[in-house]
Amino acid sequence: MSGPLLRPQFVMFGSSIVQYGLYDEGWMADLSHLYARKIDIVLRGYAGWNSRRALQVLDKIFPKDAPVQPSLVIAYFGGNDSSTPHSSGLGPHVPLQEYIENLRKIVNHLKSLSENTRILLLSAPPINDATITPNSDGKPSRTNEACRIYSEACLDVCREMNIKAIDLWSAIKKRDNWQDVCFIDGIHLSSEGSKIVLKEILKVLKDAEWEPSLYWKSMPSEFDEDSPYDPIAPDGKSTINISNWAFPGNDKWE
C-alpha cells in the first residue's frame, strides 16, 4: 500500500498573528481556502512568543533531515520582542540588536533546509496606543513607536539577506481609521486587518520571480483532469471543470 499523497507545504511560523490567523475571517483562513487543492498549510503559531523562543525550537519545527522541506515559510516575530522591558527582567522584550541577530539565525536556518525553500518575513504591525494598559512598572506594555523600530529592523535584515518581506507597519497604517478597524483589541488583527495581510502576501507571491511560482493561480490543482462526473455545462452535452475555481469567484481574490 502506498503512503499518503505528498503535497507542497507552506509553513506559517510565528507568534499570535500566526496562531490566531484562522480566527474571525483571518488571513490564514483565506490563504488556506485559496490553496485548498494545491498545497498543505502547516500552522506553527505560538501566542506570546518572541524570537528567543523561536530559536529554541527551530530545529524541532524545521529539522534539516525532514523527508519533505517546505516550499515556503512565512515567519513573523517582532511585536512581542518590541514590548517594553520590565524591571524584573521577565517578559517577552528582546533588545533590538539581539532581535536582529535572532532573525539572522532564523533566516540562515531556513535557508539551509533546501535551495527550493522560499522565505517571507512579516514585519511588526502597528498597534493602537490608546488601548494599551500600563504594566506593573507603570509603563505602557508596548508602544507603536517601538513597533516601528522593530519593523524597520526586520526589513533591514531581509534586505541584507536577500529575502522577501512585507512591511506590515506601513501597509496597515494606509487604511483609513486603521486604529479602530484593523484590530480586535488594539494589537491582534481583526478581519479587516487580516485582509491587508492577505493582500500583501498574495502580491509578493504573484510578483516574486520564483521557479516554480507559488502564486495560487499559477500552481496546479490536485486531480484537475476533466471528468464526466464534473457539473453539467449549460449545453447539456459537456461538463465544466471547476478544479481551479476559487469560490465564490476568482475575481474576488485578484
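In the predicted model, helix α4 and helix α5 (residues 144–161) meet through Leu96, Tyr99, Ile100, Leu103, Arg104, Val107, Asn108 and Lys111 on the α4 side and Ile149, Tyr150, Ala153, Cys154, Val157, Glu160 and Met161 on the α5 side, contact being defined as heavy atoms within 4.5 Å. By class, this contact comprises 11 nonpolar, one polar and three charged residues, where Ala, Val, Leu, Ile, Met, Phe, Trp, Tyr, Cys and Pro count as nonpolar, Asp, Glu, Lys and Arg as charged, and the others, Gly among them, as polar. The axes of α4 and α5 lie 10 Å apart at an angle of about 40°, which makes α4 oblique to α5. Angles under 35 degrees count as roughly parallel, over 145 as roughly antiparallel, 65 to 115 as roughly perpendicular and the rest as oblique; axes are lines fitted to C-alpha atoms, for helices over the stretch in contact, with angles from 0 to 180 degrees between N-to-C directions. The crossing of α4 with α5 is right-handed.

Residues are numbered from 1 along each chain as its sequence is written. Local features need pLDDT of at least 70 and side-chain atom pairs pLDDT 80 or more, while totals for chains, interfaces and linings use all residues, and side-chain values use heavy atoms, with hydrogens and water left out.

Helix α4 (residues 96–113) also packs against helix α3 (residues 51–61), at an angle of about 25° and with the axes 9 Å apart; α3 and α4 are therefore roughly parallel to each other. Here the crossing is left-handed, and Ser51, Arg52, Ala54, Leu55, Leu58 and Asp59 of α3 meet Glu98, Tyr99, Asn102, Lys105, Ile106 and His109 of α4. The residues of this contact divide into five nonpolar, three polar and four charged.

Between helix α2 (residues 27–34) and α8, the axes come within 8 Å and cross at roughly 45°, and the two helices are therefore oblique to each other. Trp27, Asp30, Leu31 and Leu34 of α2 make this contact with Ser194, Val197, Leu198, Ile201 and Leu202 of α8, and its residues divide into seven nonpolar, one polar and one charged.

Helix α8 (residues 191–207) also gives the most to the lining of the largest pocket, with eight residues. That lining numbers 14 residues, of which Leu198, Lys199, Leu202, Lys252 and Trp253 lie nearest the pocket centre, and by class it has four nonpolar, one polar and nine charged residues.

Methods. Helices (H or I, at least four residues) and strands (E, at least two) are DSSP runs, numbered from the N terminus. A crossing is left-handed if the near helix is turned anticlockwise from the far one by less than a right angle, and right-handed if clockwise. On a 1 Å grid over the protein atoms alone, a cavity is a set of points where a 1.4 Å probe fits but cannot get out, and a pocket is an open set with protein on both sides within 12 Å along at least five of seven lines; lining residues have an atom within 4 Å of a point.
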